[in-house]
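Trainee: I would like to take a close look at a single part of this structure. Could you pick one residue and walk me through its surroundings?

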Amino acid sequence: MGTRDLERLIPMTGVVDNGDSVSSATALSPIASLSHQASTGREAFSKVIRSWASKKFMTGCVILFPIAITFYTTWWFIHFVDGVFSPIYTHLGINVFGAGFMTSITFIFVVGVFMSSWLGASVLNLGEWFIKKMPLVSYIYTASKQISAAISPDQNSQAFKEVAIVRHPRIGEYAIGFITSTLILRGSSGAEELCCVFVPSNHLYIGDIVLISSNDILRPNLSVREAVEIVISGGMSIPPVITTLDAQTVRPAGFGKYAVPHV
């Protein structure tokens with residue numbers, strides 16, 4: 001078998017028989033390469049568009065979510081408060097939306113004014129006396145009253161007196177709490193002033209009560225309402241910088257009025 005016969009049996013991809021023109025496979029390779037590059041470009045462009053659209057959609061959700069929650073909560077509150085007195089207007093044949101809401105707001109304001117007087121305080125004390133005689137209702141009322149007193153504009157002896165940062169539950173970890181009262185701990189080595197600090201856990205009305213020395217408490221430049229917002233928001237409303245105040249220069253009202261007795 002000669003050289004011509006071997007060339008016929010073994011296919012040659014580089015050149016054709018005459019040796020002066022490029023084969024069809026070699027001629028089609030630039031077209032296939034361009035097609036592959038175009039397909040890759042379309043896929044990359046599609047990924048960029050999907051990523052951009054996803055980010056913008058999430059940005060819209062982040063912006064609209066608190067607005068929607070605010071409007072929904074406000075609308076629900078208006079309907080809830082309006083539903084207290086709206087049946088009375090419906091029974092009288094007056095179908096005006098918002099009439100029950102305005103009546104409820106006016107009623108709450110009148111109650112606030114009346115309870116601020118001597119007569120209102122007497123009526124409230126009498127009502128509390130009856131409530132405290134009920135086994136289960138008394139615990140619910142006492143707990144809810146303490147929480148409402150904490151954010152009340154008229155601070156009293158049972159409200160949260162001051163915000164505290166304590167090392168809890170272990171060294172190296174800090175927790176935001178509320179100073180509720182002080183006490184004197186007497187021992188064989190003497191007496192020490194302790195602060196009763198309420199440290200909320202997952203809710204404002206559930207937490208731990210910690211007795212800590214006054215010298216071991218960090219007092220931040222936060223009001224009680226700001227600390228309550230931090231707890232309710234899960235820490236999202238906490239300021240980026242918190243400055244602690246000197247415990248000797250800033251003391252809550254009523255604190256330190258009892259001298260530490262010597263044993």
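Mentor: Gladly! Let's start with Val199, which sits in strand S3 (residues 190-203). Helices (H or I, at least four residues) and strands (E, at least two) are DSSP runs, numbered from the N terminus. Before we go on, keep in mind that this is a predicted model, where local features need pLDDT of at least 70 and side-chain atom pairs count only at pLDDT 80 or more, while totals for chains, interfaces and linings use all residues. Residues are numbered from 1 along each chain as its sequence is written, and side-chain values use heavy atoms, leaving out hydrogens and water.

Is Val199 buried or exposed? Val199 has a relative accessible area of 4%, so the residue counts as buried (under 20% relative accessible area; exposed is over 50%, partly exposed in between, with a 1.4 Å probe and protein chains only).

Now for the neighbours. Leaving aside residues up to four places away in sequence, Val199 touches Val166, His168, Ala175, Ile176, Gly177, Gly207, Asp208 and Val210; contact here means heavy atoms within 4.5 Å. Take Ile176 from that list: Val199 and Ile176 are 23 residues apart along the chain, yet their C-alpha atoms are separated by 6.4 Å.

Ile176 leads us to the largest nonpolar core, which has 11 residues in all, including Ile176, Phe178, Phe198 and Leu222. A nonpolar core is a set of buried Ala, Val, Leu, Ile, Met, Phe, Trp, Tyr and Cys residues joined through side-chain atoms within 4.5 Å. Strand S2 (174-187) and helix H6 (224-232) are the elements that give two or more residues to this core, and H6 has the largest share, with five residues. Val199 itself belongs to another core, which lies apart from that one and has 10 residues, among them Val166, Val199, Val210 and Ile212. In soluble globular proteins, nonpolar side chains tend to be buried together.

For a contrast in another part of the chain, look at Phe101, which counts as buried at 19% relative accessibility, and Phe77, which is partly exposed at 38%. A search of the whole structure finds four aromatic pairs, where rings of Phe, Tyr and Trp (its six-membered ring) pair if their centres lie within 6.5 Å, and planes under 30 degrees apart count as stacked, over 60 as edge-to-face and the rest as tilted. Phe77 and Phe101 form one of them, edge-to-face, with 6.4 Å centre to centre and 85° between the planes. This pair links Phe77 in helix H2 (residues 24-91) with Phe101 in helix H3 (residues 99-115), 24 residues apart.
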